[in-house]
Amino acid sequence: MKLVVCVDDNFGILFNKRRQSSDKMQRMDLKNIVLNSKVYLSRYSYDLYKDMDFNFEIIDENMVENIHIEDDSFFIYEGEFLEKFIEKVDEIICYFWNRDYPFDKTFDILDEFKEISSFDFKAKSHDKIERKIYLRK
């Protein structure tokens with residue numbers, strides 16, 4: 001399973017239970033990676049990605065243990081129930097906003113992964129977004 005996450009320069013992911021930022025070009029970049037693969041997300045994430053033509057399945061914390069997660073599936077992570085499926089994650093697609101935002105929740109599991117690629121692109125709301133891909137060590 002591939003995990004998708006967006007963070008600031010301090011690996012902040014949420015502030016006051018809300019995402020720090022969003023960007024249409026980031027979502028388009030992800031669409032080009034996902035193609036027709038299954039995408040799991042929470043209702044909160046669905047509100048942001050609903051205009052994308054993804055093969056969605058909205059899940060909540062109680063459903064995680066009962067779903068059959070395919071190797072080529074994706075989970076859009078915005079701070080919810082990662083501990084329920086982290087052992088199933090073998091790849092992380094991490095988008096960096098390249099800014100410092102206020103945060104009260106961080107994404108701190110990259111020690112278990114190694115970076116294999118990096119790509120920068122200009123976005124709508126950010127001069128530069130950096131996409132890094134990590135594989136489990």
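A residue is called buried when its relative accessible area is under 20%, exposed when over 50%, and partly exposed in between, with a 1.4 Å probe and protein chains only. By this rule Phe121 is buried, with a relative accessible area of 12%, whereas Phe119 is partly exposed, with 38%.

The structure is a predicted model, in which local features need pLDDT of at least 70 and side-chain atom pairs count only at pLDDT 80 or more, while totals for chains, interfaces and linings use all residues. Residues are numbered from 1 along each chain as its sequence is written, and side-chain values use heavy atoms, with hydrogens and water left out.

**Aromatic pairs**

Rings of Phe, Tyr and Trp (its six-membered ring) pair if their centres lie within 6.5 Å, and planes under 30 degrees apart count as stacked, over 60 as edge-to-face and the rest as tilted. Nine aromatic pairs are found in a search of the whole structure, including the two in this table.

| Pair | Centre to centre | Angle between planes | Type |
|---|---|---|---|
| Tyr77 and Phe107 | 5.8 Å | 50 degrees | tilted |
| Phe119 and Phe121 | 5.9 Å | 25 degrees | stacked |

Tyr77 lies in the loop between β6 and β7 and Phe107 in the loop between β8 (105–106) and β9 (113–121), so their pair ties together parts that are 30 residues apart in sequence; here strands (E, at least two residues) are DSSP runs, numbered from the N terminus. Both Tyr77 and Phe107 are buried. Elsewhere, one aromatic cluster is formed by Tyr46, Tyr49, Phe54 and Phe56.

**The loop with Asp90**

Asp90 is found in the loop between β6 (74–76) and β7 (91–96), and Asp90 is partly exposed, with a relative accessible area of 34%.

Definitions and conventions. Helix = DSSP H or I, 4+ residues; strand = E, 2+ residues; numbered from the N terminus.
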